[in-house]
Amino acid sequence: MRLVREKSLLLIVDLQAGLLPVLDGGEQAVGEASWLGGVASALEVPVWLTEQYPKGLGGSEPRLREALEGALYWEKSRFDAHAEPDFAKALAQSGRHQVVLCGAEAHVCVLQTGLGLREAGYEVFWLAEATVSRRREEASLARRRIERAGAWAVSADMAAYEWLERCDDACFGDVHRRFLKPRSPRPLRFFD
């Protein structure tokens, strides 16, 4: 299944300041989520962030907040963001049926949100380099489980190029100059 920019939404789950220090790969997850969020914003793909109990875990990591001006924030108490009635209603009203999903922890809130989205009929794309847990093995197990439920693993590059679709317009030139070219030499670790 190919990502289409007009049908897509980027959902960043619970990359929060209080949780980040204990996550295996948390710094990379913030960087990759910020990067893809910038691409999404440039291409008018909505960016949503969730925060689980921010009083205890803190709000979204400050670098995310800085990089993603204009993003929509959702405070939640359920692990599955889609189980929050206001969130589910807003998503349905958005008309976006493809959700690129990333965040923390992979085996709890990201997985349960992904499963909830799949159960509701959404296409889910698991962002491999930006979906993390405290223990890498649990992130890997979560990814295998969500794939069995019908989601697809993608990289940020895959999402960006599928949203772009072509290289012969001004949109591509802008995104290539601002995001794609500077990113290409960066080393990445993919969580499988």
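Predicted model: local features only at pLDDT ≥ 70, side-chain atom pairs only at ≥ 80, totals over all residues.
Residues are taken as exposed when their relative accessible area is over 50% and as buried when it is under 20%.

The buried residues of α4 are Phe87, Ala88 and Leu91. Viewed down the helix axis, these buried residues fall within an arc of 95°, so they line one face of α4. An α-helix has 3.6 residues a turn, so residues three or four places apart point the same way. The cover over the buried residues of α4 includes strands β1 (8-13), β2 (47-52), β3 (72-76) and β4 (98-104), together with helix α5 (106-119). Gly95 follows α4 and has a positive phi, near 75°.

The cysteines were examined for disulfides, which require a pair of sulfur atoms within 2.5 Å. The count under this criterion is 0. Cys102 takes part in no disulfide, and the cysteine sulfur nearest to that of Cys102 belongs to Cys109, 13 Å away. Cys102 has a relative accessibility of 0% and therefore counts as buried. Cys171 is likewise in no disulfide. For Cys171 the nearest cysteine sulfur is that of Cys167, at 12 Å. With a relative accessible area of 24%, Cys171 is partly exposed.

Definitions and conventions
Residues numbered from 1 in each chain as written. Heavy atoms only, no water. Buried < 20%, exposed > 50% of the residue type's maximum accessible area, 1.4 Å probe, protein only. Helix = DSSP H or I, 4+ residues; strand = E, 2+ residues; numbered from the N terminus. Arc of directions from axis to C-beta. Contact = heavy atoms within 4.5 Å.
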